[in-house]
Each structure stands twice: as C-alpha cells, then as structure tokens.
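Here is a short note for a colleague opening this structure for the first time. Please keep the model in view while reading the numbered points.

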Amino acid sequence: MEIGFIGLGVMGHPMALNLAKAGTRLRVWNRSPEKYDALRAAGAAVASSPDAVFANTRLVILMLANESAIDSVLGRDTADFEARVAGHTIVHMGTTSPAYSRGLDTSIRAAGGRYVEAPVSGSRVPAEAGQLVAMVAGDAADAADVRSLIAPMCRESFACGTVPSALLMKLSVNLFLITMVAGLAEAAHFARQQGVDMAQFQAVLDAGPMASAVSRMKLPKLVERDFSVQAAISDVLMNNRLIADAARQAHVASPLLDLCLSLFTQTEGLGLGRSDMVAVVQALEQRTASQSP
C-alpha cells in the first residue's frame, strides 16, 4: 500500500526518508520543493499537490507546523474536506493543542475518515537516526496499524488510548524538556560569566548524575555557541504556549513553564526564531547586560 506523507520540514524530511529507506512506498508533498531530491533517490514518488496525495493513497501522514497548515492541506471548512478525508486514515504527527486534535478527530470521522494522532518526542538528530519516541492515540486497531507503520522512524512507540491522550502525553514530556534545557542554558551562562573553564564544566556535568541524552546533545552547543537548529526557538515557543494554555484551562499551576515562556518569547524577539532552542542563552545574556552597573 502506498502511504502519503505531507510536510517535509526539519522533522518531516528525515522521518519520511527513514520510511522510504525502509521500503515503505511513499507519495510525498511539501510546499517548497527543495526537499524532494533525497526522497526521490530513496524511492519516494513526488506528488504535484495535496490532492494528488489523497487521490493515490488511503493513509496520509501529516507532519505540519501548526493547526492552520493542517486545515489548509485538508481543506477543512471547504467543500474539498470530505473528498480528501473520506475513506482515508489521517495520521497527525505534529504538535497542536489537544482541543484542536479532538475537534479534528470529530470532523474527520463525520466526513467518513479515520483519525490517529501520533506526536513524537525528539529533535532533528533523533529523527535522522530513526530514534524518535512516538505517542499514539485513536481507535485501538487503527493505532496498532500506525505503530507498526511508523516503526522505522522510532526507537519506541506507546499506545496512549483515545484522542487526545497522545498530545497530552507529548505536552507533559515537552514541559520537562523546555524547563530542563532552559535550566541547562542558565547553568552554562552562569559558569561562563563566573569565568569557569567551559570545557571542564562540560566534562564535570557529563560525568555526574544529571547527565542525559539531552544534556549531552545540548551542552556542547552551549559551550561552542553553536546555534544551528535541531529544535527551533519558534517551535519550542509554540509548544510552550500550548502547554501553558492547557495548564490554564485545567487550572494547573506551571510557574517554571511560565518563566520559560517569558525567556523563549524574548529570544524570538531577538530575531532568533530559527536558531536552536539553546539560543535562549542569549536572552539570559541580554538580561545580565541590563543589570550591569
């Protein structure tokens, strides 16, 4: 069976490439065509439009940046929506609000389609290595089929129940990630400002109990001031806002997350939206400079 894949951004491109390399018959589409060459070389077919994807496949993976991009591709609230989703299984692998996903599930099912949400934990490097962690929610049989299909992208996947349980899991995991990386950036900033040897700081942290896969990926970038993107500031900020909104709606206190929201908003305001999330250290540097006598 040929599978559709729409959205070949920082995460979507390596995810689709891993599927194609594993022998999955893919038909792909992206707004900008520069991502097609490697996928063609791996055996994927390139569609001329989203309609061409839906016309030739019965299961379509969406790895899109936000809710408006998903609505646009599906033709939601237009006459095209039913034609695109009826008889199809739509797999939403991006990150949106749980409320949006719940509504999309209702709309797709009402139009005669099926829906699975399968957000992933991980950034560009794990995506390239096929080491993402997927959280899957939907009808049990559909979710099981999707978990099997996406195995070439993932180190592990988890059945989370019904929609939007997977997105609630993803937001919970991302709350930890956001606060952890902001704390790591602040620690590196403090060390640098105090004149600590940064290479030794990295070695000490790597040898200690706080070391993790994330710290080992992000700390070298902070030490070397390498802001090339793995997880972009703007994407992290979007996640931060989604989690904060969900916390407000559920009347859940989130003081650390709220501080991070301020920092990542400031970082994006510095024009660093497409830099890696460790660029949040530049907001800390700006705040330090403003306190200098």
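1. Start with Asp139. Its relative accessibility is 32%, so Asp139 counts as partly exposed. Keep in mind that this is a predicted model.

2. Which residue does Asp139 form a salt bridge with? The partner is Arg114, and the closest N and O atoms are 3.7 Å apart. Asp139 sits in the loop between β8 and α8, while Arg114 belongs to strand β6 (residues 114-117), so the pair ties together parts 25 residues apart in sequence. Arg114 is partly exposed as well, with a relative accessible area of 36%.

3. Look next at the elements on either side of that loop. β8, helix α8 (residues 140-149) and β9 form a β-α-β unit, and the unit is right-handed. Strand β8 covers residues 132-138 and strand β9 covers residues 154-161. The two strands pair in the parallel sense, over six bridges. To find the pairing by eye, go to Val136: Ala159 in β9 stands opposite. When tracing either strand, remember a general point: in a regular strand, side chains alternate between the two faces of the sheet.

4. Now turn to helix α6, which spans residues 98-110. Here the side chains of Asp105 and Arg109 meet in a salt bridge, at 2.8 Å from N to O. How many residues apart are Asp105 and Arg109 in helix α6? They are four residues apart, which means a separation of about one helical turn.

5. Is Asp105 buried or exposed? Asp105 has 15% relative accessibility; buried means under 20%, so Asp105 counts as buried. Arg109 is at 34% and counts as partly exposed.

6. Lys221 forms a salt bridge with Asp226, and the closest N and O atoms are 3.4 Å apart. Lys221 counts as buried, at 4% relative accessibility. Asp226 is partly exposed, with a relative accessible area of 28%.

7. Some salt bridges share partners. One network of this kind joins Asp51, Asp80 and Arg84.

8. Finally, the overall count. How many salt bridges does a search of the whole structure find? The search finds 14. Among them are Asp139 with Arg114, Asp105 with Arg109, and Asp226 with Lys221.

Note on methods
Residues are numbered from 1 along each chain as its sequence is written. This is a predicted model: local features need pLDDT of at least 70, side-chain atom pairs count only at pLDDT 80 or more; totals for chains, interfaces and linings use all residues. Side-chain values use heavy atoms; hydrogens and water are left out. Two strands pair if DSSP finds at least two bridges between them. A crossover is right-handed if, with the strands pointing away from the viewer, the path from the first strand over the helix to the second runs clockwise. A salt bridge is a side-chain nitrogen of Lys or Arg within 4 Å of a carboxyl oxygen of Asp or Glu. Buried means under 20% relative accessible area, exposed over 50%, partly exposed in between (1.4 Å probe, protein chains only).
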